[in-house]
Amino acid sequence: MSGKSENIIELKHISKVYSDNGFKAVDDFNLEVKRGEFVTFLGPSGCGKTTTLRMIAGFELPTDGQILLNGEDISQLPANKRPINTVFQRYALFPHMNIYENIAFGLKLKKLPKEEIRKKVKHVLDMVDLEGFEDRKISTLSGGQQQRIAIARALVKKPEVLLLDEPLSNLDAKLRVETREEIRRIQQEVGITTIFVTHDQEEAMSISDRIAVMEKGVVQQFEVPQKMYLNPGNLFVAQFLGTPQINIFDVTVKGGKIMCGDVVLREGCKAADGNYKAGVRPEAFNVSENGILVKATHVRMTGRELQLRVALAKEELRVLVHSDMQVSVGTEFCVTIRDNQIILFDQTGKTVGKY
């Protein structure tokens, strides 16, 4: 592949329609991935993220559109001709081979000299912190170690792009956190362009340079994690990101006031009068001496924080407060909502503004 532009991968109006049932898995997908970037496709099951990844890999061909690698169209190029390697959910390691043989397999097929293969295998094992494991059987490794071997095998052929399809879903919660940090470390050390698929928003936000949130085959928003969290483009993105989930409730704007029932949440709002959905994150509330009166209906201790549910007008909202606050079910107290933390959505779900 010739030419070195800032964007290594460009997806232009990609669609995938399955001819047997007419199902449109991916719909007019447009995206540019920069060289060395870690991009995540995030969304619920069936949103098209794995199908898109498989089209980049060459395991599926797009019905419409173009996939460019370094500016060249690879849309119809077979998978084995693309300088792209994929690590799957099930790591597809060979159980009858030891670790060295697993990693060296692809290099042997290319008929590289034995000494060159040995050096390359040693190098990638050092990279994934598994040096000295060459003779170990796959069955003796933990899930996290097997994952790192699968990544080492993908990296040893020096692909231009690494694709990771739900690579952590078979691991327990603690190992997931450790392994995702390890994946990010390896990616940054090697500087390889990586596209990662997950349905776990915490996972996506913790390791990605940018995230593409998808729903029903359509990219809803493509942005840096923090910017997307603070400025969701629509109701779907707002609800998909964040734990505990954002509060979504009905409000009315009248004369510059945002009203929840008879309660004034904000004055000086510039949105047109009318009915909206409001989104307020649980951490956006401050406990105060004066403000909006609420009553605790549920209290849950999580360690550093208390997760409360509070009654406000006819709504029940999630509120996070510091764990040293003395509060129990039935306690009444006042809260304010921090500036620019009320997100308004119109009737189509599009973000109108923050107030």
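A disulfide here is a pair of cysteine sulfur atoms within 2.5 Å, and a search of the whole structure turns up zero of them. This is a predicted model, so local features need pLDDT of at least 70 and side-chain atom pairs count only at pLDDT 80 or more, while totals for chains, interfaces and linings use all residues. Residues are numbered from 1 along each chain as its sequence is written, and side-chain values use heavy atoms, with hydrogens and water left out.

**The whole chain**

- The protein chain has eight helices and 21 strands, where helices (H or I, at least four residues) and strands (E, at least two) are DSSP runs numbered from the N terminus.
- Along the principal axes, the C-alpha atoms fill a box of roughly 75 × 45 × 40 Å.
- Of the 355 residues, 48% are buried; buried means under 20% relative accessible area, exposed over 50%, and partly exposed in between (1.4 Å probe, protein chains only).
- Take the contacts (heavy atoms within 4.5 Å) between residues at least 6 apart in sequence: 65% of them join residues at least 24 apart.

**Cysteines**

- Cys260 counts as buried because its relative accessibility is 2%.
- Cys47 is buried too, with a relative accessible area of 2%.

**Helix α4**

- Residues 143-155 make up α4, which has 13 residues and runs 19 Å from its first C-alpha to its last, close to the 18 Å expected at 1.5 Å a residue. The expected span is 1.5 Å times one less than the number of residues in the helix.
- Twelve of the 13 residues in α4 are buried, leaving the helix mostly covered; among them are Gly144, Arg148, Ile151, Arg153 and Leu155.
- The packing partners for those buried residues are β6 (84-87), α2 (99-109), α3 (114-127), β7 (161-165) and α5 (173-190).

**Helix α5**

- Just after α5, Gly191 takes a positive phi of about 75°.

**Cavities**

- Rolling a probe the size of a water molecule over the atoms shows where empty space is left.
- The search runs on a 1 Å grid over the protein atoms alone: a cavity is a set of points where a 1.4 Å probe fits but cannot get out, a pocket is an open set with protein on both sides within 12 Å along at least five of seven lines, and lining residues have an atom within 4 Å of a point.
- Grid points are joined across faces, edges and corners, and a volume is the space filled by probe spheres set on the points.
- That gives two cavities of 30 Å³ or more.
- The largest cavity has a volume of about 40 Å³ and is lined by Ile151, Leu155, Leu162, Ile183, Ile186, Gln187, Ile192 and Thr194.
- Both α4 and α5 supply at least two residues of that lining, with the largest share, three residues, coming from α5.
- By class, the lining of the largest cavity has six nonpolar, two polar and no charged residues. Ala, Val, Leu, Ile, Met, Phe, Trp, Tyr, Cys and Pro count as nonpolar, Asp, Glu, Lys and Arg as charged, and the others, Gly among them, as polar.
- The second largest cavity comes in at about 30 Å³, and its lining is Leu53, Arg54, Ala57, Phe59, Thr86, Phe88, Leu163 and Asp165.
- Two or more residues of that lining come from each of α1 (49-57) and β7, and α1 gives the most, with three residues.
- The lining of the second largest cavity splits into five nonpolar, one polar and two charged residues.

**The largest pocket**

- About 710 Å³ of space lies in the largest pocket.
- It has 26 lining residues, and the closest to its centre are Ile84, Asn85, Thr86, Arg153 and Lys157.
- The elements giving two or more residues to the lining are β6, α2 and α4; α2 has the largest share, five residues.
- The pocket lining divides into 17 nonpolar, five polar and four charged residues.
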